Amino acid sequence: MSLLSIEGVWKTYHRHPVLRGVDLDVEAHEVVCLIGASGSGKSTLLRCVNLLETVDDGAIHLDGAEITAVDADPDAIRQQIGIVFQSYNLFPHMTVLENITLAPVQVHKVPRRQAAEQARELLDRFGLADKAGEYPDRLSGGQQQRVAIIRALACKPKVMLLDEITSALDPELVTEVMGVVRELKEGGMTMLMATHEMGFAREIADTVCFLDGGVLLERGTPEQIFTAPEQQRTRDFLSRVLESRRL
Amino acid sequence: MTTQDQHWTKSDRQTERERLRRRAGRRSAGVATASTVVFLVLVGILVVTSPGWARVQATFLSWSDFRASFPDVLRGFGANVVMFLVAEPLILIVGLGVAMLRGTKTPVFFPLRALAVLYTDLFRGIPTLLLIFLIGFGVPALNLQGTPSDPRVLGVAALILSYGAYVAEVFRAGIDSVHPSQRAAARSLGLGQLQTMRFVVLPQAVRRVIPPLLNDFISLQKDTALVATLGVVDALRQAQIYSAQHFNYTPYVAAAALFVALTVPLSRFADYLARRAERRRAAGSTT
């Protein structure tokens with residue numbers, strides 16, 4: 001069985017269906033990119049996987065266990081899943097180091113000193129060693145987002161969910177965040193990411209999925225999707241994106 | 001800093017601009033001073049020339065009565081300070097506890113949550129003075145074993161109940177003001193509901209509600225005088241005793257001065273914190 005498997009997931013808000021029976025498997029060490037227009041359900045799908053939303057139908061399995069089961073413990077499941085948001089959501093009253101060590105210390109019961117050591121190693125690896133004592137509002141958007149990724153990484157998740165993590169960034173800051181994701185892939189991290197950066201999706205994804213109106217319309221290798229999409233709607237979407245010079 | 005910055009000299013245009021700005025600044029300072037002086041003089045003349053001024057001066061502003069009564073009033077004021085210092089931390093605990101109860105979603109706590117709503121509705125609705133009467137005279141009348149009969153204890157208990165309800169609402173507003181994305185971020189890291197509250201929501205909420213909390217404290221400092229109605233000898237009661245004996249109201253002025261002396265520093269501190277929070281928002285922090 002796949003590491004993460006999503007079967008027939010439905011989600012509606014006020015009777016408005018956002019996800020309409022999505023099936024998606026993510027293998028261990030695979031990087032899956034979700035593309036699609038705003039409102040196509042990419043973020044909602046990620047939030048369902050992280051149990052920030054409850055599904056209205058279907059099931060999601062992680063490592064063989066059903067996480068959408070009624071008796072599943074959401075806290076225990078979230079400990080195995082890292083998520084990074086578009087708006088970083090760092091804790092503004094904590095330093096960078098405190099942001100990163102909070103969950104390891106409080107949830108995973110790692111001794112404080114050891115957690116700090118591991119956090120410093122991660123900061124060092126991603127070029128933020130000198131920011132450990134800073135508060136988030138003293139950092140650039142790109143730096144904040146890298147810290148957010150490290151914060152999720154510090155919990156040693158089985159899978160990372162990245163929800164349009166470069167959408168709020170100035171173009172020149174996007175590359176530094178992409179660099180971190182690239183490095184995660186080299187480290188063998190399993191990732192499911194929603195993105196608007198088609199060039200990046202093409203470079204980093206093993207599999208690209210096109211979501212349209214809450215349906216997973218097409219899935220394939222980046223080559224297939226970006227050079228020879230089968231569906232007309234995929235072609236339309238990509239040409240619209242191309243027009244706006246995002247590709 | 002680049003070398004360009006170091007060699008920058010102001011242009012004539014900028015020098016002229018700054019001269020004009022300084023001149024405008026001096027002018028508005030001059031206007032403000034002049035209008036203040038004129039206003040104070042007018043008020044002074046109005047008061048001093050009023051027909052009853054001599055009487056007022058003798059009964060409210062008698063220096064000899066002030067000196068004679070001040071030690072007693074000051075001693076009474078000590079009781080106000082003690083009541084305030086005892087009530088304040090307990091109010092914070094009650095307020096925070098009630099606010100957190102109202103925020104819980106666990107079904108086990110439903111009766112407590114309902115009780116918390118009832119508590120805030122009830123005690124915010126009763127005038128503080130009325131509540132002091134009800135508790136100060138009602139509780140001893142029950143004749144129950146173990147209930148306190150010291151009016152100071154009962155008065156402070158009434159203040160805690162009344163202010164606890166206000167402070168609970170202040171805390172709740174603070175908790176609600178923390179953006180839901182902060183909770184989502186905490187929960188997604190695997191923190192439980194209580195851990196999220198303790199490490200992420202409360203620290204941010206408390207920082208935001210400090211100015212309105214100080215405002216309630218200032219109000220509480222004054223309302224300790226209401227406990228005098230139960231017979232506690234505080235600053236107000238001391239002033240009453242003296243004026244009843246000497247037919248002079250100066251001790252009231254003395255008591256008022258003491259309350260003002262205590263609240264003004266706290267008011268300035270609240271202003272300072274509010275200004276600092278404003279600056280932080282202007283600086284564009286992340287939340």
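Guide: A salt bridge is counted when a side-chain nitrogen of Lys or Arg lies within 4 Å of a carboxyl oxygen of Asp or Glu. By that criterion this structure holds 20 salt bridges over all chains. The model is predicted, so local features need pLDDT of at least 70 and side-chain atom pairs pLDDT 80 or more, while totals for chains, interfaces and linings use all residues. Residues are numbered from 1 along each chain as its sequence is written, chains are lettered from A and ligands numbered from 1 in the order written, and side-chain values use heavy atoms, with hydrogens and water left out.

Visitor: How many residues apart in helix 2 of chain A are A:Arg78 and A:Asp75?

Guide: Side chains of opposite charge can pair when their charged atoms come close. A:Arg78 and A:Asp75 meet in a salt bridge of 3.6 Å, N to O. They are three residues apart in helix 2 (residues 74-78) of chain A, about one helical turn. Helices are DSSP runs of H or I with at least four residues, strands are runs of E with at least two, and both are numbered from the N terminus.

Visitor: Is A:Arg78 buried or exposed?

Guide: Buried means under 20% relative accessible area, exposed over 50%, and partly exposed in between, with a 1.4 Å probe and protein chains only. A:Arg78 is buried at 7%, and A:Asp75 is buried at 19%.

Visitor: Which parts does the salt bridge of A:Glu203 and A:Arg182 tie together?

Guide: The closest N and O atoms of A:Glu203 and A:Arg182 are 2.5 Å apart. A:Glu203 lies in helix 7 (residues 198-204) of chain A and A:Arg182 in helix 6 (residues 171-186) of chain A, so the pair ties together parts 21 residues apart in sequence. A:Glu203 is partly exposed at 45%, as is A:Arg182 at 32%.

Visitor: What links B:Arg102, B:Arg124, B:Glu169 and B:Arg172?

Guide: These four residues, B:Arg102, B:Arg124, B:Glu169 and B:Arg172, are linked in a network of salt bridges.

Visitor: Which strands stand at the edges of the sheet in chain A?

Guide: Strands of a sheet pair through backbone hydrogen bonds, either parallel or antiparallel. Two strands count as paired if DSSP finds at least two bridges between them. Chain A has an open sheet of four strands in the order 2-1-4-5, with antiparallel pairing. Strand 2 (16-26) and strand 5 (65-66) stand at the edges, each with a single partner strand, so one side of each has no neighbour in the sheet. Eight bridges join strand 1 (residues 4-13) of chain A to strand 2 of chain A, and A:Tyr13 has A:His16 in strand 2 as its bridge partner.
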